[in-house]
Amino acid sequence: MTLLRMFILAGSLLNFSALPAFAENLMDNISFSAIAKSEASVGLTKSELQKWDISIRPEITMDISDDLRLTAIGLGRLETRDALEPGRPGQSMRSSLSRRGYIGDRIDVELREFYLDTSFGDTYLRLGKQQIVWGQADGLRVLDVVNPFNFREFILDDFEDRRIPLWALNLEIPISDITAQLIWLPDQTYQQIPEPGALYAITSPRFVPALPQNIPVSFSPAQKPGNFFADSDVGLRLSTFMGGWDLTLNYLYHYQDNAVLFQNKGPDNIILSPEYKRSHLIGGTFSNAFGSFTLRGEIGYATGRYFLSNDPASRFGVQNTDEISYVLGLDYTGIKDMFISAQLFQSLVTDDDPGMVRDRLDSQSTLLIERNFMNDSLKASVLLIHSLNDGDGLAQLGVEYDLYDNMSVKISADIFYGHRHGLFGQFSANDRLSISFEIGI
Amino acid sequence: MTQNKGIFPSTPAQSFFWSMVNYRWPIIIVSLILLAVSASFLPKLVKDTTSDAFINPDEPSLIYRHKIQDLFGLSDPIVIEIENENEKGIYNPESLLLLKWLSDEIQKLDNVDPDKLISLTTQSNIVGTADGMEVEDFFDVLPTSEQRINWLQGAIEQFPLYQGSLVARDGKATIIVAELIDEKKSPETYETIMELVKNAPIEKNSIHGKNQIHVAGVGAVSGYMATYIGNDTKRLNPLAGLIITIILFLAFFTPRATILPNLIVLATVAGTFGFMAAVGVSFFVITNGLIVCLIGIAVADSLHIFSQYYEEITARPDASQKELVVRAMASMWRPVTLTTLTTMAGFFSLWPTNDMPPIQYFGLFGAIGVFIAWAYSLSFLPAILSLLPKRPSRFFSTPARHKTHGRTARMMKYLGQRVLNNPKKILVAGSLVILLGAYGSSKVVVEEMRIENFKHSDPLYKADKSINARMDGTYYLDVMIETPEVEDLYKAENLQKIEALQTFLETQPGVGGTTSIVDYIKQMHRAVNENDPDFYNIPQDDLLIAQLFLLYSASGEPTDFEEEIDSDRQLALVRANMNRSSFIKNRGVVRDVEDYLKTHFNSPEITATLTGRVNVDYHWIKGIKESHLASVLVAFLAVISMAALLFRSLWAGFFAAIPVGMSILVIYTVMGFGDIWLGVGTSMFASIAIGLGVDFAIHTIDSMKKYLSEKSGSMQERLLYLYPSTGRALFFNFAAISMGFGVLLTSDVPPLIRFGGLVAIAISTSFIASMTILPALALILKPAFLLNTSAKMRLKPAAISASLLLIAVGLFTFYSNKANAQNLPEASQVIKNVIAREEGEFVSRKMTLQLTDRRGKVRTQETKAFRRYFGKEKRTVIFYTAPRNIRGTAFLTYDYPDVNVDDDQWLYMPALRKVRRISASDRGDYFLGTDLSYEEVKKESKVEFSDYHFKSLGTEEIDGFKTIQVEGLPVNDKISKELGYSRVVWSIDPEIWMARKIDFWDRNGNFLKTVTNMDIKKIDNIWSVQKIKAVNHKTGHQSLLSFSAIDYKKTVKPSMFEQRMLKRGLK
């Protein structure tokens, strides 16, 4: 009875004839698109099928008003081999609102991004689950640490898929020639490291503590920050364009995305206690073009970093230190249709400890050569990432061809080299040849 | 004849001069004929003393100013002031009748635009009447009665527009502003006006106080400058000649060594300026300085030759005159040639590094003059000398090195002993000079004020100061207001903007007052409201404003507002009167006003551009520092590389550079501490000082090498030989040149005084440093290039490379600067019209790219593109909207008006989620997979004027449209490489000034591609291409760009062109 009355009331309030028009209007302001992708990789060492992923990434945008837009991007993925993330990986490192859904062992679904864009005058706001990218370097991370990464495929995955989007508030306020970006990230989601047994599980002693064989090891639950406000991350970036230079000044107060593995060594057992630690990161970036060259760089100073230490004197098997790191990159476009880019990354810890597993100064260099053919419809590229400390590295070769406007095929090879203890060398058995198809809808 | 037992002539040089002397009569005759021929051109020499002559004719601010001149007839007027210090000021019958008389007389002058004469006698009063408004000329009734004079005074006091601009605010002065028809004739006009002033009916002992007349204004400055400098140089040049003659006489004490060099000076000056007249280059204000320069330089060669000649007489008392001449020439031709080359390089470096034509020509003709002096010294001088009987000079009775006769030789020897005994002290002192110089250089400022070219006691200078103190100012900063539609300036909102601009301008330092049509409108508004001061404002009603104009026209002259607004009521000129012309003081104002215009006048409804003399001056003076530094650098490098080549040692290059480097630093110190600014005149000193000063170093190094190669004596002893011989010659060389320039110190023209003084100081420093620092350094460092006796001075390779270098630079600059001016007025005008084609301040449009490969495979991409001008800077942003895999890609460009500044470009790649800075130098790269280059996409069917030399080829009909074919060849290889083309042919439709078809040839000369502009339509009154097809004939690939939803009216926000927009994407 009451329900009926309400219906009548609602009907009289709403002009029913306007409803279809409203819906039509709404539909006009909604756009839908999707990218479907299938990628298969064959291992070169054992020539087995390493992976065969089929994914779909739908995207919906809705213009609610002239100044209000809602964007949602999802991801559904079938990993037919179930080798990258065997079973259903734990999600304790993710906040409850940022978790994935599993359908069986092989399918996972995720709301990747979901945000509202709006602006007040010149001030712009993006509110919701999103990716925030800082820095000038490609692939090397000094300032690009706002979002945590998922290392399910180590660093072979696209950037887009590697970053884990976070719930955040992102405010951009122009103040004369400077744009201030204020970010607030209450989402306590951290790096996703493949679990033991996964194809790209980390084994390098640089990251995995060397523990005595005969003493039992147990894990205590990870000490994860839990306070919505007190444990949120905040950051400020000031950027400007001055005298031809793009300059930014960055500050981020955040939890480092990797848990620190404290080792409590007892006489007859070892308890590993993962704990997330706070850090201040202050840094800046610059870039400018000179003739055919583009110079870009970023530098960052991070406090409270932890690195593994074998020093018997170190109580928990880790060493606390500040870290200063930078990337310097030089791009060259002086040859027609070619893009050549070289980068040098160096990281220096301020408190060196003789037992520290990493070197005091850690250096990596990258070299990218890309060439376009046939009016940009065919692209070939070579990327070399090389660790100057360990002499190991990764070479990636790829050829991508646009079959149609919205369909492309890519053939690529990823080759790891160097000692098994190195960051890249640890995967030297994982060299692979891949083919992927991508269709835009 | 006197072949000295077959050992003479023994060298090729001797043989050469021997045969030359044998042909002396033909040489003398040809030399004299050439002298006569070049002198015959001299009467053709044209003087150009306008300040615009200093500005590169392509300078945009100058071009714009000419446009204003055409539109409003306003440029650089002559301003005549009548001043009366009496209590009632000019409001007395005598002053006013004098004003009437003067105005009428000036209006009658040939070169004065009678319609543009602004004076109380030509202006009208606007007053309210019962039925509206009445326009009455102030001088409708001659103001002779006290009543009429009081009326006039009252009317002016009620008319704010005229206060300060026409009548001094205290009533003590009034001005007549006379616009000239031809600025180049300003000297004559100024003289005529001064004549009028002299004959003006002025009552000496009047009861109304004494009337004084002052004449100033930029027009007068230009006009008087010619006379002023002309008079000055008429006195200076003979004086310079006289001084040089005295020096020559003191040096040799013989008539021949005094007279012959003067003949060479004559030939040099006549030859240089005759050549100048023959090729039609004008004689500019600063060209006066060149005469004195050449007098000093032309004698230097003969000075060294005579020195050697007299030494030869002493060494070979039995030789014949002919042999002595030949020997002297054979041993001096090398150093003389080398110093000529270095001096030429110094002058010449002004040509490519400067864009002020007077300075360029100063450099070019300076170099030519030095060359003529050299040629005459090496041919005419020995020819004549060999005719004269042998006669020694009393100063050369003993061999040079042992010479103790003569005061100069003794003085130089004494100097040598002091230097060689204290080499370390000398070097310390030298270092201190360098340090002081470095500090002094930091204090040099760039400044230029033409009025400061006059002595402070000069009537024109006083007039300028007086008028600018009393009135609002005679230097104009103008703002041109433009609106899109006819009668837009009747709109109250537009007028309010103009009023606000005037208020802003009036707050600027140095601005005495402003005038614009708004002042008249306010006056009219008050008039129709019974002269109620409360109505001295802009009416809110657009219709009322139009009516005011209508009412005015009922009784006023139709041409009355010609100087403020055009007849379509679409364009207006706002004029700010400034009372100073200082670059340093005005540059802040110019920048502030530019900023103001950028923020307040950037809508499609109303735009504004800064112009006027003050703005033009700002724009060209701004470049003085850069061109000065460039010319110093080029001259310096030329000197170092020449000396290095000559002595086959880089160290020798640096050695030679030390004295000139020090002289430049000393000059900067003098300028820095003496408040001498770096202006037009002074910016040239350095190159010339380098070119002249290096001679001392080269002679010194050459001589040190010679004496150090001798086998006997300590190094110190051997170096001492330098002083009485070469040192003495250099002393007279120094004396001749520095006193030649020193003559300029007696000039009446302050910039010439400064120029002469500075060069004299530089020469002195070079001389002293060559005589002290270089031997001291040699003694301490013992450099190999001095001691290595085997490596003789290699003249040939050095001279050949140096001459080749000079010729190459010369050809290059001549080709790049002149060639295009000569053969292309027509084609370049076509291209200029294309460039000037209206594009609208901003545009938004959709662009679809259809890319088809050889096999017919088609890819389609959709974009939205926006473009907006920020002043002259053009920003473009393109957002890709489809297909899905590239959606979100965005491309942003800032294209700067200065062609030498690379664009700034950014690319947003959604896959990386990062805005990436990309380099923009590769203009010829294909734009994102299309067949159009970045340059073509950016230029939107236009072209960069400075990239090509243009030539008209003929006409061609395309799709029934008649087009003009213009060929463009890249100006140099670098540009050709950048663009990727060796040749481009545009088929330009003169109806719309847009190419309908463009053909391109690649770097190897192969036909590369054809771009066709199709579906050209007028949208929002702007010709717009709707389809561009580009076919690459080599790859078979083609691109079709289709534009839709083209909109020039919808404002594109400035924030659209920020990097963060790329990331955020398009709504």
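**Exercise 1. What covers the buried residues of α1(B)?**

Before starting, note that this is a predicted model, in which local features need pLDDT of at least 70 and side-chain atom pairs count only at pLDDT 80 or more, while totals for chains, interfaces and linings use all residues. Residues are numbered from 1 along each chain as its sequence is written, and chains are lettered from A in the order in which they are written.

*Solution.*
- Step 1: find the helix. α1(B) spans residues 12-22; helices (H or I, at least four residues) and strands (E, at least two) are DSSP runs, numbered from the N terminus.
- Step 2: pick out its buried residues. They are F17(B), W18(B) and V21(B), where buried means 20 or more other C-beta atoms within 10 Å of a residue's own, exposed means 12 or fewer, and C-beta atoms are placed from the backbone.
- Step 3: look down the axis. The buried residues of α1(B) fall within an arc of 110°, so they line one face of the helix; the arc is that of the directions from the helix axis to the C-beta atoms. P12(B) and S19(B), on the other side, are exposed.
- Step 4: name the cover. It includes α2 (24-41), α10 (321-348) and α13 (380-387) of chain B.

**Exercise 2. Describe how α18(B) meets α19(B).**

*Solution.*
- Step 1: take the axes, which are lines fitted to C-alpha atoms over the stretch in contact, with angles from 0 to 180 degrees between N-to-C directions. Those of α18 (517-528) and α19 (542-555) of chain B come within 10 Å and cross at roughly 80°.
- Step 2: classify the angle. α18(B) is therefore roughly perpendicular to α19(B), a class that covers 65 to 115 degrees.
- Step 3: list the residues in contact (C-beta atoms, placed from the backbone, within 7 Å). I521(B), M524(B), H525(B) and V528(B) of α18(B) meet I545(B), L548(B), L551(B) and Y552(B) of α19(B).
- Step 4: sort them. There are 7 nonpolar, 1 polar and no charged residues. Ala, Val, Leu, Ile, Met, Phe, Trp, Tyr, Cys and Pro count as nonpolar, Asp, Glu, Lys and Arg as charged, and the others, Gly among them, as polar.

**Exercise 3. Work out the strand order of the open sheet of 5 strands in chain B.**

*Solution.*
- Step 1: pair the strands (at least two DSSP bridges between them). β8 (475-482) and β10 (571-578) of chain B run antiparallel, joined by 8 bridges.
- Step 2: write the order, β9-β10-β8-β12-β11 in chain B.
- Step 3: check the edges. β9 (511-515) and β11 (602-603) of chain B each pair on one side only.

Terms used. Angles under 35 degrees count as roughly parallel, over 145 as roughly antiparallel, 65 to 115 as roughly perpendicular and the rest as oblique. Two residues are in contact if their C-beta atoms, placed from the backbone, lie within 7 Å.
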